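I opened the notebook to look up how two chains meet. The entries follow in the order of looking.

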Number of protein chains: 4
Amino acid sequence: MIVVMEPKATEEQIGQVVDYIQSKGLRVNINRGEHLTVVAVLGDKTKINSTSINTFEGVREVKVIQEPYKLVSRSTKEEDTIIEFKNGVKIGGLERPVIMAGPCSVEKDYEGLLKVAKAAREMGCQFLRGGAFKPRTSPYDFQGLEEKGLEYLAQARKETGLLVVTEIMDTMDIPLVCKYADILQVGARNMQNFKMLKALGRIDKPVMIKRGPAATIREFLLAAEYVVYNGNPNVILCERGIKGIDNDFTRNTLDVAAVPIIRKYSHLPIIVDPSHGTGKRYLIEPMGKAALIAGAHGLMIEVHHDPDHASSDGAQSLSIEQFKDIAKKLNKLIGRIDYDNKNM
Amino acid sequence: MIVVMEPKATEEQIGQVVDYIQSKGLRVNINRGEHLTVVAVLGDKTKINSTSINTFEGVREVKVIQEPYKLVSRSTKEEDTIIEFKNGVKIGGLERPVIMAGPCSVEKDYEGLLKVAKAAREMGCQFLRGGAFKPRTSPYDFQGLEEKGLEYLAQARKETGLLVVTEIMDTMDIPLVCKYADILQVGARNMQNFKMLKALGRIDKPVMIKRGPAATIREFLLAAEYVVYNGNPNVILCERGIKGIDNDFTRNTLDVAAVPIIRKYSHLPIIVDPSHGTGKRYLIEPMGKAALIAGAHGLMIEVHHDPDHASSDGAQSLSIEQFKDIAKKLNKLIGRIDYDNKNM
Amino acid sequence: MIVVMEPKATEEQIGQVVDYIQSKGLRVNINRGEHLTVVAVLGDKTKINSTSINTFEGVREVKVIQEPYKLVSRSTKEEDTIIEFKNGVKIGGLERPVIMAGPCSVEKDYEGLLKVAKAAREMGCQFLRGGAFKPRTSPYDFQGLEEKGLEYLAQARKETGLLVVTEIMDTMDIPLVCKYADILQVGARNMQNFKMLKALGRIDKPVMIKRGPAATIREFLLAAEYVVYNGNPNVILCERGIKGIDNDFTRNTLDVAAVPIIRKYSHLPIIVDPSHGTGKRYLIEPMGKAALIAGAHGLMIEVHHDPDHASSDGAQSLSIEQFKDIAKKLNKLIGRIDYDNKNM
Amino acid sequence: MIVVMEPKATEEQIGQVVDYIQSKGLRVNINRGEHLTVVAVLGDKTKINSTSINTFEGVREVKVIQEPYKLVSRSTKEEDTIIEFKNGVKIGGLERPVIMAGPCSVEKDYEGLLKVAKAAREMGCQFLRGGAFKPRTSPYDFQGLEEKGLEYLAQARKETGLLVVTEIMDTMDIPLVCKYADILQVGARNMQNFKMLKALGRIDKPVMIKRGPAATIREFLLAAEYVVYNGNPNVILCERGIKGIDNDFTRNTLDVAAVPIIRKYSHLPIIVDPSHGTGKRYLIEPMGKAALIAGAHGLMIEVHHDPDHASSDGAQSLSIEQFKDIAKKLNKLIGRIDYDNKNM
């Protein structure tokens, strides 16, 4: 922590800051510059509240330096976290990038879901995604099939061998969703639902956290820190677009750079959702490729057996045919990346 | 709903869109312009999924026109919603603007809380605010006293007569918080925790929803719609700053214009939190005044008996002395506004 | 400048940073914390390039502390800059807040302009605003009357005594615009047209700089620094809204907090444009009041004699009648503020 | 253009809107919905001012539909614009993606520039970039060598055969820069310097426009429209990052999706600058690859012979060695893309 004093701070004001820091058992180092005096705080900063210091007379600003995320940071754990599932599928590190495919919401028509799952299986995907609980901006939109939807997903898993990823929206639903899902997904709007994050730290299934639409990477990593800190090391991050400058052409701005940044600063796997991240079918292929080549550990793609009649987000869902065509191209790139990773 | 076709859309493509809409029992009106054909959809649009149409060949974009919030809209209910409490305090419409004051978090030191509450009472405030459950970006930060904090708030209410506003962070805690609070506050990061919003629609206490840091006004109103739609008409909105361009001088950009916008388009009361909205003590007075003169139904202000040692957000908390000084100036303005409202 | 080393930086890497800084004739102060080593740089930082240091091995980040704006900063000049015009009108400090009113663009109909000018005069305004050169996003939009427009403004000044504020769009036009204008306005999109800012530093007329739609306050002040540094101390800042979260209800987010922030950190006058800042007629009154009560030295308001047929920005322009009504209310508040300022 | 009336708009109000539109020689089509009446405007919308209609009583909003960019739109010209230089180099369409490399600023040390140019040549680059005029946020930063810098660039072109890209900052400098440059670059902060864009429409050299840090894609394309409309069809677009949510890890958010969007909606070439777009050396390779695989027609990369002592933007500049290493990897990808393009 660095305390920058105002150019006109008096010796008394500087002394008050120093006394306060020392009273907390920390040491200081005072740098008197030509214009400014800077007080560096040494020791365990968790003993001290940076905002308190901000309130002292004569303080211009307090710069906190030590990153507050620890357990998810690569400086704490250098090796990549690789999450392995019972069927041998792995996510993270230099493992072959995965594809999670499926409809935005699970709908009443089980046969439709099964068609999508079979197509995903056929294209070599590892995961079936689908929402049984749906966070919808408007109360008038379709809210999900709830347990019925979870049953459908489990049934499709049984028939195809795909693993199931589905969203958890409320702490109370955790036991129920755990019964059915292989990965519990935290939606973007719940990224800072801290009570739920804590509770997810106490389960033994992997958790996938989607980045909030206005969350910084630090906030994103701190959301993961909540889960890991509470006991669950198996967290997957998912970039899904942030609020950007432009709403005419895309729903969100897919922050591809988040992938190499997170791979550098954290050991956790990071996947990308180009469907929500762009909101447009024609962008899924180029942005999926961009994410993979930038280092994503996987992609999450929306596919619907009949997107023109989907209950939610039809516009960004691929039809089964479109999906197969794109998956073929993505698989070619995944194969190349996998080959390069194994032969580095 | 307006469907804009691509300039080169064929007659067949236009026909498919029209057929689809008519198959849902809706009527269309086709406008053939020089460059573009536009299909207007008439009838109950909830029967149709705008995103489905977006996926038809030849469609450039679908513009949804009818606002999806209804119950909170002034076109549904013209008269202001005025929320009245047992002790006669009212929020909304042309009632005298209120002040909610108190610490960010309730801390172990009850005497400190009581000092703040007494100062608030002395300055004519109507509400004591304070967090018993604290949403914190980092798991290493103070997480709140939980039920003990609620008891303290209730005790302070007993001693001062102030009403209690406190945050609810999880659906499971609703019954507990209802036991103690007069207003249940939904934090900015939970603005789209839809399960909790639904559950709050079924209680008989007023709910105050803080605007998410990247929420549009439409999303903000739709969060309120969730509560009202589920049965609770007593919703207060609270503007608390959005993510802006600048993070050097303020934590957030206080969107003062949200006040007159919401007063025009909704009948719900809207209050403003200049403490979180700016993150700086010296901005609370000018921004509090700005909010009031722009039409806010009240202010929420952080006060701490010892801000230099506060467990959270000390930097933006006023000391009791600072608060009294500012409250005096704000009360003068509130008096003028109240006078003008009563003599319009 | 503070150089934060990576937790694993070697002694050799730290040594390289220190050597480099010392080779530039500066001193260092090394703080070895438990986790991190921090190197503080003391002396005239203009001798050193912060980005260079960023590139050394083992450096995590470089935090620049001394604010790069100097001449416009209140720490350089404590007294408010008050700009006085020949006719005695003053802007800045505790002077009576001013109103600048007029059409977005000067149009062919001189009589219309004169009507607006007379109304402005009648309402006690001090300035007539109007664009002769118009920056328009599309080349197909009206581009301004150019010199003819300047002549009209000068003529209206002659007939009403109002001072003239008009936009300068290109370095080459400076001599021409200087011939006619009392204040040269730099548009938001030209805020970082550095060549033009330099040239405006060499003229003897006041310059008003509008904040860029995505400019931080620091960038805004640095734009002013360009003008002052090049010799012209008479700069007025103008907040006119930044790109925000919401585009449905307003064109921009008026950053009212910029007013008290700039008044704290700079001695320059700051005015507010609620017309461009909101894009909506119904928001001009509440946001104009909010700006004034937050400390603005003046307002800039668009008025058109026939807004339904205006060549540009009709939607945000008031009609003469609407303007008179609002100006009356604003004048009441200006009177109160002026009274309070004189009796502090 | 679609005029949406308020739910309570009277017949008289609707009639006024209709009369106004018809008075301009346009036709209308009125759709009366259950809740809203919508008036569609048919005919040449340039005859009418959308904002004027917005001001009529009873109008809720005006939705403009026809895109205002025409000449740069793919609906006007379906074939890709491919810009060819005298030495046979081409940019655009399915041509081999190019690399532009060089220092941020041209500095006093010509030998350093030459070293970079030779390395670029060696790695198969086609262009040498370097700023002779530098837009700097602060007047205290290095402002460029001006004509001396242009001479250096021309000299390096003579010695290496690379084409020269350099920035133009002011209309007055156009003749001078034209004497030396092969492509005139418009900086991000000048993207809406409309006077300069117009003047660049009248020269016979290609113009490269960088996207403003807060510009929408529509605004970006309209900036290009200014140049093309004024007579110069040879415009290259350059995505260089937009202001995003996060400033801790990157300077900007590189909007990779802008590449496939622009390729879909415009025929102009689009290149990407991962150096400015991220501000970090370690992100240049992954983001350069992401841009190429998403369809970029080229990359612009900062290289400095001695980045630790660069006059500007050293942090994001690669050293010659780093550049060669990355260029090798990028060339491999460029080769693959080129092969795929030629064998589609």
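I took a salt bridge to be a side-chain nitrogen of Lys or Arg within 4 Å of a carboxyl oxygen of Asp or Glu. With that rule I looked up Lys243(B) and found it bridged to Glu219(A), the closest N and O atoms lying 3.0 Å apart. The count between chain A and chain B is four salt bridges.

I note that this is a predicted model, in which local features need pLDDT of at least 70, side-chain atom pairs count only at pLDDT 80 or more, and totals for chains, interfaces and linings use all residues. Residues are numbered from 1 along each chain as its sequence is written, chains are lettered from A in the order in which they are written, and side-chain values use heavy atoms, without hydrogens and water.

Next I looked up the extent of the interface. I found 52 residues of chain A in contact (heavy atoms within 4.5 Å) with 52 residues of chain B. The two chains bury about 4,300 Å² between them, 53% of it on carbon and sulfur atoms; this is the accessible area (1.4 Å probe) lost on being put together, summed over both. Thr137(A), Tyr140(A) and Lys195(A) supply 16% of the area that chain A buries against chain B, more than any other three residues.
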